[in-house]
Amino acid sequence: MNPKLWNKTAPLGRIEDYNKVLPVLEVYRCIQSEGSRFGRPTIAVRTTGCTHRCFFGEGGWCDSWYTSIHPEKGGFTFNDIVKIYDENPHVKEMMLTGGSPTMHPALVNELTHFANERDILITIETEGSHYLETDYPIGLISLSPKFSNSVPVVGAMTPNGSITDEKMVQTHNRLRLNTEAILATMAYHTDYHYKPVWDGTDEGLAEIEDYRQKLNIPKDKTFVMPAGDTRETLIEMYPLVFEMCAEHGYNMTGRDHIIAYDTKRQV
Ligand code: SF4
């Protein structure tokens, strides 16, 4: 089996040098504003690099495009992560996000050791491209599989003004909907929720529901999130998602950090 698809038997490794610069782009304190841990103070650890290139049409590009479409270089060490927890002993959560954090197995594994020592609950945001059997299971898998509404359109302009080509589409689709890895991830780690992005279309809703049924995910573990990377686009989407979730029995999750701060980073 391709080890890029399936890391079950590969040792994940550890971070030996806590002063080494890691593929970590941001480390900051904030409030979790998506999904089942909504409202809790947390420390965001944002890795850089992603297996995908999401483009949601009118919903825009991936809101963290600087980690995915045009990835910036990391600048933080593991000691920086230790330090922010030392400075914020009241924070007992971590939002491990990206990009695609599972591209960095040794880092994720080291964070599970750190979280276990400090009694911190890690929420990892993942599109499900890789399964990682970490030494300690992760507290919450926040699973956002990427459906057909995320596929870039050839000819679209990217956030830095490049033009999307077929190669970018292929990169995006290579590990998209890696169901085998997703099922293993859900089974191994402590808990999960399913957090699909909805673009307001019937086709998009059908894909969300079909995949939920395929994976046997209960509706009360499903948090549907509106597509949108700006305050303006989200405000337009919110009423649609409210009404759809009320009708179908899913949970609705907003993206309140974007409502509060629009496109500002590290919030
Ligand atoms: S998987 Fe997530 S981080 Fe990667 S491009 Fe898509 S939305 Fe962005």
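# Salt bridges, cores and voids in a predicted model

Colleague: In this predicted model, what does Arg37 count as at 21% relative accessibility?

Modeller: Residues count as buried under 20% and as exposed over 50%. The relative accessibility of Arg37 is 21%, so Arg37 counts as partly exposed.

Colleague: Which residue forms a salt bridge with Arg37, and how many residues apart in sequence are the parts that the pair ties together?

Modeller: The partner of Arg37 is Glu93, with the closest N and O atoms 2.5 Å apart. Glu93 counts as buried, at 8% relative accessibility. Because Glu93 belongs to strand β5 and Arg37 to the loop between β2 and β3, the pair ties together parts whose separation in sequence is 56 residues.

Colleague: How many residues apart in sequence are the parts tied together by Arg255 and Glu34?

Modeller: Arg255 and Glu34 form a salt bridge in which the closest N and O atoms are 3.0 Å apart. Arg255 lies in the loop between β11 (251–252) and α7, and Glu34 in the loop between β2 and β3 (41–47), so the parts tied together are 221 residues apart.

Colleague: Are Arg255 and Glu34 buried or exposed?

Modeller: Buried residues have a relative accessible area under 20%. Arg255 has a value of 10% and falls in that class. With a relative accessible area of 7%, Glu34 is likewise buried.

Colleague: Which residues are joined with Arg255 and Asp63 into one network of salt bridges?

Modeller: The side chains of Arg255 and Asp63 meet in a salt bridge, at 2.7 Å from N to O. This pair links distant parts of the chain, 192 residues apart, with Asp63 in the loop between β3 and β4 (76–77). Asp63 counts as partly exposed, at 29% relative accessibility. Through shared partners, salt bridges join Arg255 and Asp63 into one network with Glu34, Glu125 and Lys195.

Colleague: What is the volume of the largest pocket, and which residues are the closest to its centre?

Modeller: The volume of the largest pocket is about 870 Å³. Its lining comprises 46 residues, and the closest to its centre are Arg46, Asp63, Ser64, Gly98 and Arg255.

Colleague: Which element gives the most residues to the lining of the largest pocket?

Modeller: By class, that lining divides into 17 nonpolar, 16 polar and 13 charged residues. Among the elements, the one that gives the most to the lining, with three residues, is β2.

Colleague: Which charged residues line the second largest pocket?

Modeller: The second largest pocket has a volume of about 180 Å³. Its lining holds three nonpolar, three polar and three charged residues. The lining consists of Phe56, Gly59, Ala227, Gly228, Thr233 and Met237, together with the charged residues Glu58, Asp199 and Glu236.

Colleague: What is the volume of the largest cavity, and how many charged residues are in its lining?

Modeller: A search of the whole structure finds two cavities of 30 Å³ or more. The largest has a volume of about 60 Å³. Residues in its lining include Thr102, Val108, Ile124, His130, Tyr131 and His189. The lining has six nonpolar and five polar residues, while the number of charged residues is none.

Colleague: Which charged residue lines the second largest cavity?

Modeller: The second largest cavity holds about 40 Å³ of space. Its lining divides into four nonpolar, two polar and one charged. Phe56, Pro145, Phe147, Asn149, Ser150 and Val197 line this cavity, along with the charged residue Lys146.

Colleague: How many residues does the largest nonpolar core have?

Modeller: Nonpolar side chains tend to be buried together in soluble globular proteins. Met94 is one of the residues with the most contacts inside the largest core, as are Phe78, Trp198 and Leu111. Beyond four places away in sequence, Met94 touches residues including Ile43, Val45, Ile81, Tyr85, Phe114 and Ile122. The size of this core is 44 residues.

Colleague: How many residues does the other core have?

Modeller: This core lies apart from the largest one, and its members include Cys54, Phe55, Ile69 and Met225. Its residues number eleven.

Colleague: Is Thr48 buried or exposed?

Modeller: Thr48 lies in the loop between β3 and β4. Leaving aside residues up to four places away in sequence, Thr48 touches Pro23, Leu25, Tyr66, Thr67, Pro71, Glu72, Lys73, Gly74 and His104. The relative accessibility of Thr48 is 8%, so Thr48 counts as buried.

Terms used
Residues are numbered from 1 along each chain as its sequence is written. This is a predicted model: local features need pLDDT of at least 70, side-chain atom pairs count only at pLDDT 80 or more; totals for chains, interfaces and linings use all residues. Side-chain values use heavy atoms; hydrogens and water are left out. On a 1 Å grid over the protein atoms alone, a cavity is a set of points where a 1.4 Å probe fits but cannot get out, and a pocket is an open set with protein on both sides within 12 Å along at least five of seven lines; lining residues have an atom within 4 Å of a point. Grid points are joined across faces, edges and corners, and a volume is the space filled by probe spheres set on the points. Helices (H or I, at least four residues) and strands (E, at least two) are DSSP runs, numbered from the N terminus. A salt bridge is a side-chain nitrogen of Lys or Arg within 4 Å of a carboxyl oxygen of Asp or Glu. Buried means under 20% relative accessible area, exposed over 50%, partly exposed in between (1.4 Å probe, protein chains only). Contact means heavy atoms within 4.5 Å. A nonpolar core is a set of buried Ala, Val, Leu, Ile, Met, Phe, Trp, Tyr and Cys residues joined through side-chain atoms within 4.5 Å.
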